[in-house]
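User: I would like to go through the packing and the sheet of this model. Could you begin with the terms?

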Amino acid sequence: MISAKDKGMLERGFSVLEFIAGSKPGTANINSVSKATGIPKSTVYRLVSIERELGYLLYDEQSRALSLGIKFFELAALHSNTQSLADLAAPQMRNLSALTGETIQLSVFDEDRALFISKISAQRAITIRGDIGQSEPLYATSTGKVLLAYQKSTEQSEIIGRLTFHAWTNNTISSVEELERCLITVKDEGYALADEEYDSGVIAAAVPILDSRKQIIAAICISAPKFRTTREQILEWLPELKKAAYQIGIKSFTDAK
């Protein structure tokens with residue numbers, strides 16, 4: 001649980017950023033931030049130093065003015081891109097969920113994990129976890145394996161080298177060698193399965209969504225509890241899943257023109 005002290009510093013940090021974001025260009029500085037927020041100048045200076053180091057603020061040595069850094073614009077672009085992709089994918093995801101009666105999820109690669117950006121839940125009593133904004137391990141999930149399998153070889157090796165394996169179930173991939181063999185199969189076959197590898201009793205199949213250069217931009221999956229969906233059944237849905245992924249990919253680069 002976050003401490004009161006940490007929460008207070010976080011709130012102050014955001015207050016600084018919010019004031020600078022709302023200021024006219026060239027007018028925000030240590031004095032004006034301190035006066036507007038009520039935060040002591042020494043504390044503002046420390047917060048600004050940290051936020052500059054992280055790329056969230058810029059400091060003009062000549063005018064001593066503060067402004068938002070490139071990190072903010074990178075985050076805004078990421079949010080815009082993922083939101084646009086989720087919007088583009090929504091019709092296909094709804095169609096897949098109606099066809100299969102199961103949960104459809106859309107994930108992107110984010111900080112060595114698979115981040116959910118959209119989800120259509122099954123209209124049944126039992127559904128699948130993994131809400132929008134949550135992330136899951138690359139090596140234990142169907143979308144994670146797809147996102148990793150379609151990375152460039154050098155980047156894939158670097159990512160794998162950073163992973164820490166945890167045995168979520170008895171079926172979870174537990175070594176680099178096992179993961180590398182799995183990724184070769186995923187790339188060869190064009191899809192990934194996760195059969196009770198992250199959640200007991202859950203099976204999922206995922207395929208890549210590719211852009212016009214055949215680079216992966218996301219992964220889409222069908223997830224279902226095994227008591228009502230067999231491995232054979234989920235494989236029978238693969239053609240429809242791949243078709244949906246292709247159509248989403250086409251829309252993504254057509255829309256960008």
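Analyst: Contact, or touching, means heavy atoms within 4.5 Å. This is a predicted model, in which local features need pLDDT of at least 70, side-chain atom pairs count only at pLDDT 80 or more, and totals for chains, interfaces and linings use all residues. Residues are numbered from 1 along each chain as its sequence is written, and side-chain values use heavy atoms, with hydrogens and water left out.

User: Which residues does Ile 209 touch, not counting those up to four places away in sequence?

Analyst: Ile 209 touches Leu 106, Gln 215, Ile 216, Ile 217, Ala 218, Ala 219, Ile 220, Ala 245, Ile 248 and Gly 249.

User: How many residues are in the largest nonpolar core?

Analyst: That core has 25 residues, and Ile 209 and Leu 106 are among those with the most contacts inside it. A nonpolar core is a set of buried Ala, Val, Leu, Ile, Met, Phe, Trp, Tyr and Cys residues joined through side-chain atoms within 4.5 Å; buried means under 20% relative accessible area (1.4 Å probe, protein chains only).

User: Which element gives the largest share?

Analyst: Helix 9, with five residues. Helices (H or I, at least four residues) and strands (E, at least two) are DSSP runs, numbered from the N terminus.

User: Now the sheet: what is the strand order?

Analyst: The six strands of this open, antiparallel sheet follow the order 5-4-3-8-7-6. Two strands pair if DSSP finds at least two bridges between them.

User: Why is one side of strand 5 and of strand 6 left without a neighbour in the sheet?

Analyst: Both stand at the edges, so each has a single partner strand. Strand 5 is joined to strand 4 by three bridges.

Conventions: Buried means under 20% relative accessible area, exposed over 50%, partly exposed in between (1.4 Å probe, protein chains only).
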